[in-house]
There are 2 protein chains.
Amino acid sequence: MKTLSVAILGFGTVGSGVYETIQRHQNRLQKITGFPISVSAILVEHPEKHQNKAGDAIITADIDKIASNPAIDVVFEAIVGREPAFTYLKHCIEKGKHIITANKEMFAFHGKELTELAARNQVTIGFEATTAGGIPIIQTVKRLLNVNQIDKLQAILNGTSNYILTKMREEKATFSHALKEAQQLGYAEADPTNDIEGYDAFYKLMILSELIFAKQPVWKKVRRTGITGITPEMHIEEAHANRRIKHIAEITFTNDTISASIEPVAVPETHPLYAIDGVSNAIHLQADILGPLTLVGPGAGSLPTASAMIEDFCHIWGHPEVPASPVAALAFP
Amino acid sequence: MKTLSVAILGFGTVGSGVYETIQRHQNRLQKITGFPISVSAILVEHPEKHQNKAGDAIITADIDKIASNPAIDVVFEAIVGREPAFTYLKHCIEKGKHIITANKEMFAFHGKELTELAARNQVTIGFEATTAGGIPIIQTVKRLLNVNQIDKLQAILNGTSNYILTKMREEKATFSHALKEAQQLGYAEADPTNDIEGYDAFYKLMILSELIFAKQPVWKKVRRTGITGITPEMHIEEAHANRRIKHIAEITFTNDTISASIEPVAVPETHPLYAIDGVSNAIHLQADILGPLTLVGPGAGSLPTASAMIEDFCHIWGHPEVPASPVAALAFP
């Protein structure tokens, strides 16, 4: 009987979460796909540091050992940054491998090109994990809102900045104090620029734009303001008016024009994102038949991200009961 | 070119919403299904009251005119109550028609039997609209959480009772005052028993139980307490402790046993259902890989319910996005 053979690129928080999830849920995965799954190879920068950490999987720094191995069916990509991830994935797609990526920066830049390349090579790209962690927003748009058109979307797409804003409000703490706490808890990195300046949310918003509207706004025209200028006093002042400061990523499509922004916004108590606290992410969208829909869940973390990737995996190998969703085609009739 | 021909059973708020949505979104539906759609027949109790309200559609009180018409492909059912809806749908399924229903009471009672009958007749049943209005909770569970297992679910499944509780809290109003207001706004019926005593939420919870756990708890063992005993004083008291009274439908699955309840619960500010006000519905679930996921949206209404039904329609007629040919070969060797 054939075994589905997969490779994982990157073995940090996300890559090892994918590995653990595949090991732990062998039975479920076999039931869904019809085949046993085996992790055959893991790509890391320094293979000597990772020996004996992943059963029989080959640990290698050489992408060609994965791309050129005809037995490997699917590649999970959990590297950070545009390169070498983009080059690696192009290589794998050209060799006929399905791709599942969690790499938001790379996919915001190169998602369209990779998608077209995948279509030409008759493979699929899953990118649920690039946006809003475990929340199935990509597949909700792709598979569940086929007739509905989305006019507007507001979201909290970065758990780190939301955690910092929450701590500042709850404890009347300064930005730098809350940031330090986030770093101690592992929610923020040593260099937190990507999170607190809104770059991370920006990449995710661009991926959503491409998915929903089949194009992105001109990047330089997107207002992007971080949260470093927020003070405890601002939180107190807004609280008096029953408002909370949230770092909101927003995108609207009117008169054939996309406008987008990422900036701190004081939202009233009635706003669907008012109650979203801590490291959670949330997406609030307006669909033209359904009306408002909000999804809330974990925006990052090893298992939530692995969940998004492993569900993508089942969409590749699962049953054709799953329908198409030409949302992009619909957006431009 | 073939036209997809559909019938609508019932022409109240939901049935007419489906009719309008099909008329308005002809282009989108044709793009997705590949065919023009036509509403050929509408079933009502008193046809004489509905003449000239639905273009060329035949208005009839005779289900046999629909069930025995081989041209009709899909039947949208928007009747209230178990009978005659159940008998009608059985009849239509046996004649090879796909079914899309919004009838929660009927489907809670007979969903399993109808599903089995549909499988034998090689047709499908869409029931997204039975539960939580426009929120795509059924399809999220069916299509997006394939590997994840759901352990627990808490939800606000009745917009009317949630509206009443919200008004009581915000305006320090009595139950009967808030109920009257809900009736004036059309949110509550003249006989509000189903909503305020939790029967409506109970039916929806049973449908979710069948979907998620493939069985239902013994109905008599489900605690069901309505909201008629709630006073303005209770709201005030809970508000002092930063809690809000919500009518919560809950279901858990532990040690092979399902336990379920529908009852007023005072939830703290950190609870994911605390901020759900007015006629909104919300479902908060715990999935074992993903973690917590909350969906919020309109729990009723003509267009949100029509949205759920028309998206179900596209799942019947849509095309498989994957697999591309090499995948198909592997998935079905």
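Two strands pair if DSSP finds at least two bridges between them. By that rule, S9(A) and strand S10 (residues 257–268) of chain A pair in the antiparallel sense, over 12 bridges. The model is predicted.

**Annotated domain and strands of chain A**

- An unreviewed UniProt entry annotates residues 136–313 of chain A as "domain: Homoserine dehydrogenase catalytic".
- That span is 40% helix and 28% strand. Its end C-alpha atoms lie 13 Å apart.
- Strand S9 (residues 243–254) of chain A is mostly covered, with 9 of its 12 residues buried.
- S9(A) also pairs with strand S7 (residues 150–156) of chain A, in the antiparallel sense over 4 bridges. Here A:Ala155 has A:Ala249 as its bridge partner in S9(A).
- S9(A) and S10(A) form a hairpin, with 2 residues between the strands. In the turn, A:Asn255 has a positive phi of about 50 degrees.

**Sheet of chain B**

- Chain B has an open sheet of 6 strands, with parallel pairing and the order S3-S2-S1-S4-S5-S6.
- Its edge strands are strand S3 (58–60) and strand S6 (125–126) of chain B, each pairing on one side only.
- Strand S2 (residues 37–43) of chain B pairs with S3(B) in the parallel sense over 3 bridges. B:Ile42 has B:Ile59 as its bridge partner in S3(B).
- Helix H12 (residues 302–317) of chain B packs on this sheet. H12(B) touches S1, S2, S4, S5 and S6 of chain B. The direction of H12(B) makes about 160 degrees with that of S5(B).

**Helix contact between the chains**

- Helix H6 (residues 137–144) of chain A and helix H6 (residues 137–144) of chain B have axes that come within 11 Å. These axes cross at roughly 105 degrees.
- Angles of 65 to 115 degrees count as roughly perpendicular, so H6(A) and H6(B) are roughly perpendicular to each other.
- In H6(A), A:Gln139, A:Thr140, A:Arg143 and A:Leu144 meet B:Gln139, B:Thr140, B:Arg143 and B:Leu144 of H6(B).
- By class, this contact has 2 nonpolar, 4 polar and 2 charged residues.

**Annotated lysine and a contact residue**

- The unreviewed UniProt entry places an "active site" annotation on A:Lys204.
- A:Lys204 is found in helix H10 (residues 199–213) of chain A. A:Lys204 counts as buried because its relative accessibility is 3%, and the cut-off is under 20%.
- Leaving aside neighbours within four places in sequence, the contacts of A:Lys204 include A:Lys104, A:Thr130, A:Ala132 and A:Asn281.
- A:Ala132 lies in the loop between strand S6 (125–126) and H6 of chain A. A:Ala132 is buried, with a relative accessible area of 0%.

**Backbone exceptions**

- Most residues other than glycine have a negative phi, and most peptide bonds are trans.
- A:Ala132 has a positive phi of about 65 degrees, although it is not a glycine.
- B:Lys172 has a positive phi, near 50 degrees. B:Lys172 is in the loop between helix H7 (159–171) and helix H8 (175–184) of chain B. B:Lys172 is exposed, with a relative accessible area of 56%.
- A:Glu83 and A:Pro84 are joined by a cis peptide bond, with omega about 10 degrees. A:Pro84 lies in the loop between strand S4 (74–77) and helix H4 (85–94) of chain A.
- B:Glu83 and B:Pro84 are joined by a cis peptide bond, with omega about 10 degrees. B:Pro84 is in the loop between S4 and helix H4 (85–94) of chain B.

Definitions and conventions
Residues are numbered from 1 along each chain as its sequence is written. Chains are lettered from A and ligands numbered from 1 in the order in which they are written. This is a predicted model: local features need pLDDT of at least 70, side-chain atom pairs count only at pLDDT 80 or more; totals for chains, interfaces and linings use all residues. Side-chain values use heavy atoms; hydrogens and water are left out. Axes are lines fitted to C-alpha atoms, for helices over the stretch in contact, and angles run from 0 to 180 degrees between N-to-C directions. Angles under 35 degrees count as roughly parallel, over 145 as roughly antiparallel, 65 to 115 as roughly perpendicular and the rest as oblique. Contact means heavy atoms within 4.5 Å. Ala, Val, Leu, Ile, Met, Phe, Trp, Tyr, Cys and Pro count as nonpolar, Asp, Glu, Lys and Arg as charged, and the others, Gly among them, as polar. UniProt positions are given in the numbering used here, feature names are shortened, and annotations may be inferred rather than shown by experiment. Buried means under 20% relative accessible area, exposed over 50%, partly exposed in between (1.4 Å probe, protein chains only).
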